Amino acid sequence: SSKIRNLEVQSAVDDAVLEDCIDFSLAKMISKMEEKLERGGFPDCLNDDIPGVGHEIGAEAQIRFLKAKLRVMQEELDNEVCECRKKADENENLKSQLKDTEEENTRLQQTVSVQHSQTEKYKMLLQEANRKSEGLQQEVIALQKVLQ
């Protein structure tokens, strides 16, 4: 049961991380960057991310490039979220299988215990029947001697 409790806690943590990933949106990031551009242009550090960009290309080209880059990143994020969901579903299925297996194991152990006690009971009955049989055989032998 401690394994099951640990799995439940881990599942809750995994679900929280998944929700955080789903809430994250590159669309929000794009709109924030556009607001910054409208206010004062690109910071110098952003130009480092754009290959071959200095002040040679205009803001429109930089925006198109960054939007394309963000779309690619959004697709990658969507793929990762999808994979995460698949893994979460697989994890839930495996947890369910583990629970079923543990329940079956418990049931089988109880069956083995009952069968073991029945075996012991029948062994005792056999020993008692053998003793009675020996006693009766001795009686038969004694009675045969009396008849002769």
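Guide: To begin with a definition, helices (H or I, at least four residues) and strands (E, at least two) are DSSP runs, numbered from the N terminus. The model is predicted, so local features need pLDDT of at least 70 and side-chain atom pairs count only at pLDDT 80 or more, while totals for chains, interfaces and linings use all residues. Residues are numbered from 1 along each chain as its sequence is written, and side-chain values use heavy atoms, with hydrogens and water left out.

Visitor: Which pattern does the protein chain follow along the sequence?

Guide: The pattern reads α-α-α-α. The secondary structure comprises 4 helices and 0 strands.

Visitor: And what share of the residues is buried?

Guide: Of the 148 residues in the protein chain, 11% are buried. Buried means under 20% relative accessible area, exposed means over 50%, and partly exposed lies in between (1.4 Å probe, protein chains only).

Visitor: How much accessible surface is there, and what part belongs to carbon and sulfur atoms?

Guide: The protein chain has an accessible surface of about 12300 Å², and 54% of that belongs to carbon and sulfur atoms. Such areas come from the Shrake-Rupley method with a 1.4 Å probe; for residues, only the protein chains shown count as cover.

Visitor: What about contacts at least 24 apart in sequence?

Guide: Taking contacts between residues at least 6 apart in sequence, 64% join residues at least 24 apart. A contact means heavy atoms within 4.5 Å.

Visitor: Switching to charges, how many salt bridges are there?

Guide: The count is 4 salt bridges, each being a side-chain nitrogen of Lys or Arg within 4 Å of a carboxyl oxygen of Asp or Glu. One of them joins K95 and E92, at 3.6 Å from N to O.

Visitor: Is K95 buried or exposed?

Guide: K95 counts as buried because its relative accessible area is 15%.

Visitor: Which residue does K123 pair with?

Guide: K123 forms a salt bridge with E120, and their closest N and O atoms are 4.0 Å apart. K123 is partly exposed, with 46% relative accessible area, and E120 is partly exposed as well, with 34%.

Visitor: And where do K132 and E128 lie?

Guide: Both K132 and E128 lie in helix 4, 4 residues apart, or about one turn. Their salt bridge has closest N and O atoms 3.8 Å apart. K132 is exposed, at 54% relative accessibility.

Visitor: Which residues form the negative surface patch?

Guide: The patch consists of E75, E76, D78, E80 and E83. Patches are made of residues with over 30% relative accessible area and no salt bridge; like charges are joined within 9 Å, and nonpolar side chains (Val, Leu, Ile, Met, Phe, Trp, Tyr) within 5 Å. Lys and Arg count as positive and Asp and Glu as negative, with His and the chain ends not counted. A charge is placed at NZ of Lys, CZ of Arg, CG of Asp or CD of Glu.

Visitor: Where is D78 found?

Guide: D78 is in helix 4 (residues 59–147), and it is partly exposed at 40% relative accessibility.
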